[in-house]
Amino acid sequence: MLCRPLVAVGAIATAGCLPVGSAFMVAEFIVTGIMAGISFYLAHRLSKKNKQQVNLLQQDWNVNNVLSSGPDPEDDDYNQQKKNDFFEFIKLRADKKALSKRFGNFYRDSKTKLWWSKDRANHGGSKFKVFKETAKGLQWIFDADAAGNQIIGKHKGAIGLFIAYKDLVICV
Amino acid sequence: MCINMLTIHDIDDLNIILDSSFLITGDRARQNEEIAENMWVISINEEDREKILPNQLVDFLFVLINKRIDQMSKGGTIYPVVFYMWFDEMAAQLRLNMISDFGKQLPFGCNIEIIDSPEPIIKDFLASDYHQGISWDELSEMDDVVDEDDNLLFVLKVFVARIA
């Protein structure tokens, strides 16, 4: 590809239009221009590819973040308070508070709308019980440790259960 | 930390626990791993609880304990192990665990009453009013944060069986 301008310059010089020295200066100028163009093109493609990879990583992080039901790791208030006393933070941020004579106090986190209460059994690092609101009341969804991190439950049992086609209701 | 959760519809659903893997290390530093790996959290739907009788659950429990003894003797486990079960009333769940026994207290942060029969715990579980959650009727709204008394009055019943 780089030979073409040199051939052209040689032809111009041979035809006697320009002295040979000037012809080589023109050739050098053209070659430098082509090299700069190629470098720019490659740099642009590389940066686009990197950007795509970063976007994919960000997407993964967003998906994982939405799937985890614990506090938002980007929440600065939370991160600061986590180092101090998580439950005090939840109490301060609560928009609703309820009392059960049997189980004690419950606080609804104004941000996640989940209800938090102290875990009475306090077994193996579980400090809090976390509940979601239903029409009937509060339903347990997970246990959490002292920093409010979810203790993850692996669901066992009827996963992958066969459902007969006749039992399916098709919605059109 | 990751625990095993199971919602049962009939007594046979518990069989999955019998063949599940478990971890006994004999190492005090790894007790949290044992707690997480060996913990089973069992819940039941309101409409299914009458299908299960307390004695069926008691029978299952002893089958499970015997199976674990058998598995450990075949696997050459030489560490003493403690199996324990309690009813987590807030979550309406029967919880089982098994850890290396170092002769220390069980890993609870509340007062416990050790009982030698699982039946009272199983009856509490099946008779619980909280299988569908804690009813709004049980909760009264508070305007201000009221300090809670520490857990001093609460006593948790725990069935304990020392095995191996």
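# Briefing: a predicted complex of chains A and B

Chain B has an average pLDDT of 92, and 95% of its residues score at least 70; pLDDT is the predictor's confidence in each residue, from 0 to 100. For the complex, the predictor reports an ipTM of 0.92 and a pTM of 0.72. This is a predicted model, in which local features need pLDDT of at least 70, side-chain atom pairs count only at pLDDT 80 or more, and totals for chains, interfaces and linings use all residues. Residues are numbered from 1 along each chain as its sequence is written, and chains are lettered from A, with ligands numbered from 1, in the order in which they are written.

**Chain A**

- Chain A contains four helices and six strands; helices (H or I, at least four residues) and strands (E, at least two) are DSSP runs, numbered from the N terminus.
- Along the sequence, the elements of chain A follow the order α-α-α-α-β-β-β-β-β-β.
- Of the 172 residues in chain A, 20% are buried, a residue being buried if 20 or more other C-beta atoms lie within 10 Å of its own, exposed if 12 or fewer, and partly exposed in between, with C-beta atoms placed from the backbone.
- Among the contacts in chain A with a separation of 6 or more, 19% join residues 24 or more positions apart; two residues are in contact if their C-beta atoms, placed from the backbone, lie within 7 Å.

**Chain B**

- Chain B has four helices and eight strands, arranged along the sequence as β-α-α-β-α-β-β-β-α-β-β-β.
- The radius of gyration of chain B is 17 Å, close to the 15 Å that the globule rule gives for 164 residues, so chain B is as compact as a globular protein of that length. The radius is taken over C-alpha atoms, and the rule is 2.2 Å times the number of residues to the power 0.38.
- Taken along the principal axes, the box filled by the C-alpha atoms of chain B is roughly 60 × 35 × 30 Å.
- Buried residues account for 31% of the 164 residues in chain B.
- Of the contacts in chain B with a separation of 6 or more, 79% are between residues 24 or more positions apart.

**Strand pairing within chain B**

- Strands S3 (residues 81-88) and S8 (residues 155-163) of chain B pair in the antiparallel sense over six bridges; two strands pair if DSSP finds at least two bridges between them. Met85(B) has Phe159(B) as its bridge partner in S8(B).
- S8(B) also runs parallel to strand S5 (residues 111-115) of chain B, joined to it by five bridges. Here Ile112(B) has Leu156(B) as its bridge partner.

**Interface between the chains**

- The interface brings 32 residues of chain A into contact with 36 residues of chain B.
- On the side of chain A that touches chain B, two or more residues come from each of the strands S1 (94-100), S2 (104-109), S5 (137-144) and S6 (150-156) of chain A. S6(A) gives the most, with six residues.
- By class, this side of chain A has nine nonpolar, 13 polar and ten charged residues. Ala, Val, Leu, Ile, Met, Phe, Trp, Tyr, Cys and Pro count as nonpolar, Asp, Glu, Lys and Arg as charged, and the others, Gly among them, as polar.
- Four bridges pair S1(A) with strand S7 (residues 139-142) of chain B in the antiparallel sense, and Ala98(A) has Glu141(B) as its bridge partner.

**Nonpolar core**

- The largest nonpolar core has 58 residues, and those touching the most other members are Trp115(A), Trp116(A), Val130(A), Trp40(B), Met85(B), Trp86(B) and Ile121(B). Such a core is a set of buried Ala, Val, Leu, Ile, Met, Phe, Trp, Tyr and Cys residues joined through C-beta atoms within 7 Å.
- S3(B) supplies the largest share of this core, six residues.
- Apart from its neighbours within four places in sequence, Ile121(B) is in contact with Met85(B), Trp86(B), Phe87(B), Lys157(B) and Phe159(B).
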